[in-house]
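Colleague: I've got this model open on my screen and would like a close look at one part of it. Could you pick a single residue and walk me through its surroundings?

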Amino acid sequence: MAEPRTVAVVGGGLIGVSCALVLAREGHRVTVIEEGRIGHGCSFGNGAQYNAGSSLPMAHPGVMWRALRWLTDTNGPVRLTPRELLRNLPWLARFLRIGRPDAWEAAYTALHALNAPCAALYRDMLGDTDWRRVFRPNGALHVWRDTAPGVLDALVDSLRAKHDVAFEKLNAAQLRELEPGLSRDYQRGIYFPNSGHVSSPLALVEGLMERAAALGVTTRAARVNAIEPGTEGVTLQTSTGPHRSDIVVIAAGIASRTLARSLCVSLSLASERGYHIGLPGLSKVISRPVTDAASAFVATPLDDGLRVVGIAEFAAPDAPRDAKQSSKLAASIRTMLPDLPVTKVSDWMGVRPSTPDSLPIIGPHPKHDAILFATGHGHMGISGAPMTAALVSDLVAGRTPRRPCAPYRVR
Ligand SMILES: Cc1cc2nc3c(=O)[nH]c(=O)nc-3n(C[C@H](O)[C@H](O)[C@H](O)COP(=O)(O)OP(=O)(O)OC[C@H]3O[C@@H](n4cnc5c(N)ncnc54)[C@H](O)[C@@H]3O)c2cc1C
C-alpha cells in the first residue's frame, strides 16, 4: 500500500474515472473535478470496442498515399481543411515520421503493451458481476471488399504474430457464417477472438465511478481554470473556488492541451473529431464490432441499438458539427448491412485527443512531479484506460512502473 496522498483528477471521462478508482484502491483520497457530467465527453459516444492487438497506430508504412487519397475524396473518412492543415503541420509531420517501418513497429509494441491486458484489468476493477453486465467478449471482425491482401497486410500479420495476437483469416463464406447480415460484397476478413466490446460506453464509466465512489472518491462539479504548483502540493483555481491537493492528474481529454499550455508544456495533441450515428432497437443485427477496413468505419451492437462510428475531422473542438459527416456514416452502414431497416437515427460528435504516434501521454510534468498527465488516448481510450490508471498509480506511489513509461512520456 502506497503512502496515502490527496489527489485531484481533472476530468471525469473514462481515463480520469479509471485513474480515480485505481488510486482510491491504493488508499489515496481522490476527488474528480468535472465541469460537465461524468462520462459525457468523448467517452460517451465512442465505438465501444476494446482490442487486444487488433488496432494499430494510425500512422503506418504507406500512410502518406492513403491519407492523400482520403483527403482528396470529399466522401472519404478524413476531413482536413487548408486552414486546419496549416494549424496541424507540426503534428502531421510527426505523424508521417511514425509511418516509417521501424518507428511504426516501436509504436505498435508500446500500444500493445498498454492495450492487451485491458479486459482482465477491467474485470479486476469492476468485479465479476459488473464486468459481465457491461463486457461482451465476443471478438471483433475486420472486413474487406477486395480479395487480395496488400503488402501492408502481410507486414501487419507478421507484427501481430510476433506479439502473440490471436487472429483468424476468414473467406467470404466464413464471414457470412459469423455475421449473416453482412453484404455479399465482402470477400475476406480477420476475426480477433480476444477483442470485444462494451454494451454501453456510458455504463462503463458509470460502473467504474460507482466503484470509485464506494471507496470514498468524491466529485466536484467545477471547471478548472488554472493550475498552480507550489512547494507543498498543487492548488487548482476552479469555477467554485480553490482546491488544494498533494497530486494533480490531468485527464481532461482534448482540454488537457490547454491546461498543459498554461503550465508551459506543449502537448502534441490534435483535436480529431469523430462522429457516431445510433440506430435504436437494432442491437441484434450483428454480434460484435465490425470494421470496414477500407473506409475505417465501425458498427457495434450496443444494448440500445446499433452504433456506427468513424470520421477523422481535424477541426477546433468547439467548431459546429458537420451534418455531412453523419450522412457518410449512414451511407456506409447501408453498404455494410444492406437489409438494415433504418428508421430513426440519432447522431453525435466527440473529440478524440490524438497524438501523432497513437500513444497516450502518461507521466509527470517535466518540472513539477506533483502534476501528472493521463491523456492522448485517441482512438483507443477503452483499451488503454486500465493500464493508464495502473501506471498513474505506480507513479503516484513512487514505484517502478509495471511497464516502462518512456514511450508514453510527456511530449
Ligand atoms: C467516434 C469515436 C469513436 C471511438 N471509438 C472508440 C472505440 O471503439 N474504442 C476505444 O477504445 N476508443 C474509442 N474512441 C476513443 C475514446 O472515446 C477516447 O479515447 C476516450 O473517450 C478519451 O477519454 P478521456 O477521458 O481522455 O476524455 P473525455 O471522455 O473527453 O473526458 C474528459 C473530461 O474532462 C472534462 N474537462 C475538460 N476540461 C475540464 C476542465 N477545465 N475542468 C473540469 N473538467 C474538464 C470534460 O468535460 C470531459 O468530461 C472513439 C472516439 C470517437 C470520437
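This is a predicted model: local features need pLDDT of at least 70, side-chain atom pairs count only at pLDDT 80 or more; totals for chains, interfaces and linings use all residues.

Modeller: Tyr408 counts as buried because 27 other C-beta atoms lie within 10 Å, and 20 or more is what the label takes. Leaving out residues up to four places away in sequence, Tyr408 touches Leu359, Pro360, Ile361, Ile362 and Gly363. Thr300, by contrast, is 108 residues from Tyr408 in sequence and 29 Å from it in space, C-alpha to C-alpha.

Now follow those contacts into the sheet. It is an open one of 6 strands, ordered β10-β2-β1-β14-β21-β20, with mixed pairing. β20 (361-364) and β10 (218-221) are the edge strands; each has a single partner, so one side of each is left without a neighbour in the sheet. On average, neighbouring strands here are turned by 20 degrees against each other, ignoring direction. Further in, β1 (residues 6-10) and β14 (residues 247-250) run parallel, paired over 4 bridges, and Val9 has Val249 as its bridge partner in β14. α1 lies across β1, β2, β14 and β21 (371-375), at about 170 degrees to β2.

Technical notes. Residues are numbered from 1 along each chain as its sequence is written. A residue is buried if 20 or more other C-beta atoms lie within 10 Å of its own, exposed if 12 or fewer, and partly exposed in between; C-beta atoms are placed from the backbone. Two residues are in contact if their C-beta atoms, placed from the backbone, lie within 7 Å. Two strands pair if DSSP finds at least two bridges between them. Helices (H or I, at least four residues) and strands (E, at least two) are DSSP runs, numbered from the N terminus. Axes are lines fitted to C-alpha atoms, for helices over the stretch in contact, and angles run from 0 to 180 degrees between N-to-C directions.
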